[in-house]
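User: Hi! I'm new to reading protein structures and would like to go through one slowly. Could you help me read a helix and then a sheet?

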Amino acid sequence: MGVSTVATAGARELRNSMIDQLKTRGLELEPTIEAAFRMVPREVFLPGVALDRVYSGDAIPTKRDAEGNPISSSSEVGIMIAMARLLDVAPGQRILEIGAGTGYNAAVLSQLVGDRGAVTTIDIDADVAAEAREHLARAGFGRVGVITADGWKGHATNPPYDRIEVTASVSDLSPDWIAQLADGGKIVLPFVLPAGMQAVLGLRKKGTDLVSTGVITGGFMRLRGPAGAEPRTRTFDGLSVELGDEVVDTNDVLGPLLRQTPRFAVAPPLGWEALILLALLYGNVTVTRKGHAGLAVGIFDPGGGLALVERASSSVTGSRSLVIGYGSDAAESRLRAAIEELRTIRLKNLQIVARPAGASEPEGDVVVRRGSYTFAFRAVRVAT
């Protein structure tokens, strides 16, 4: 059944209002991307969801596992727009999307590449893929190819691709993706940093290396399938703790530390960008509490210290972050020094090189070694 004229008119008004509000908040949109998001009807990809919620722009879970955890969703529209900018799509290009979801993002990509381009989207879940295919057909984007398969392997039938967009978080690059990406082509992916924080990376293929074209904030559900990375999470009294790749709590001091009475102090307000940089360049632990939206990043000293800082919150005295210390003062002193260093670092100025594991290791301030690729991050400091 098609969408009624009245419903379509109401949805169009709400759609335009959503984009207008995002622009008012400072989100940058190129004219072609803005036109695509104003045109593609998100409501067709979220049947049964109230229009007000559809055009809130929020992420909307569309499938949950047996425990009630979301495993597929329609992503938050603001991050979709930011990733589209990072992907840098042009008419006529061939695009591979890893993670079909509702099909909405594939429709936007198809609008951007036009009739001369081609979009293929892959999902490991047959039901999700089938629904995406149905949504795309109803919305007039039946030309998008929808494949049920393990997205980690890409889609070898139609390479090379000019662009690859990954819409689930990953801790490594699939060699198949890079083999299927044209030289000079770009891949955009939510990357799991040490200790579980995420950032969205834009990378360009340059021979056997990939070099950064941009970095933005953003977080996504983990990639499903056998290659999906499992978080190194431990739970203590309702707190979920994820340690960095090379951190080992040999003497099991973390649990007892978290049960001590903490020390509290105030720090300058730190947003998502600062916490991502802190986790990447200085930190080795993140802590969340089940059922709460808050998150803390910090430094764990296996010798007996832990220091965390929370994302800024507002109070009657203004915006500020809270530093929480446990055990010895050493970790807290290191954390305070790191927070001071963040004044000269911006996420957009990070330089990244990804190189196949086994090749000569790229140099950087931080080197992250994963199974298939090694990632070198270099922070370019700016004057304050």
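User: Which residues of α6 are buried?

Analyst: Buried means under 20% relative accessible area, while exposed is over 50% and partly exposed lies in between (1.4 Å probe, protein chains only). In α6 these are Val-128, Ala-129, Ala-132, His-135 and Leu-136. They sit on the same side of α6, because they cover an arc of only 125 degrees around the axis; the arc is taken from the directions from the helix axis to the C-beta atoms. Keep in mind that this is a predicted model, where local features need pLDDT of at least 70, side-chain atom pairs count only at pLDDT 80 or more, and totals for chains, interfaces and linings use all residues. Residues are numbered from 1 along each chain as its sequence is written, and side-chain values use heavy atoms, leaving out hydrogens and water.

User: What do the buried residues of α6 pack against?

Analyst: Contact means heavy atoms within 4.5 Å. By that rule, they pack against β1 (60-64), β2 (70-74), α5 (104-113), β4 (118-123) and β5 (145-148). The names come from DSSP runs numbered from the N terminus: helices (H or I) have at least four residues and strands (E) at least two.

User: How many residues does α6 have, and what is found at its start?

Analyst: Helix α6 (residues 126-138) has 13 residues and reaches 18 Å from its first C-alpha to its last, close to the 18 Å expected at 1.5 Å a residue; the expected span is 1.5 Å times one less than the number of residues. At its start, a side-chain oxygen of Asp-125 comes to within 2.9 Å of the backbone nitrogen of Asp-127. Just after α6, Gly-140 has a positive phi of about 90 degrees.

User: Now the sheet: in which order do the strands come?

Analyst: Two strands pair if DSSP finds at least two bridges between them. Here 10 strands form an open sheet with mixed pairing, in the order β5-β4-β3-β6-β7-β8-β9-β18-β20-β19. β5 and β19 (366-369) stand at the edges with a single partner strand each, so one side of each has no neighbour in the sheet.

User: How does β19 pair with β20?

Analyst: β19 pairs with β20 (residues 373-381) in the antiparallel sense over 4 bridges, and the two form a hairpin with 3 residues between them. Across the pair, Arg-369 stands opposite Thr-374, and Val-367 is opposite Ala-376.

User: Which residues of β19 are on its covered face, and which on its uncovered one?

Analyst: Val-366 and Val-368 make up the covered face, whereas Val-367 and Arg-369 make up the uncovered one.

Methods:
Polar contact = N/O pair within 3.5 Å; in protein donor to acceptor, adjacent residues only side chain to side chain.
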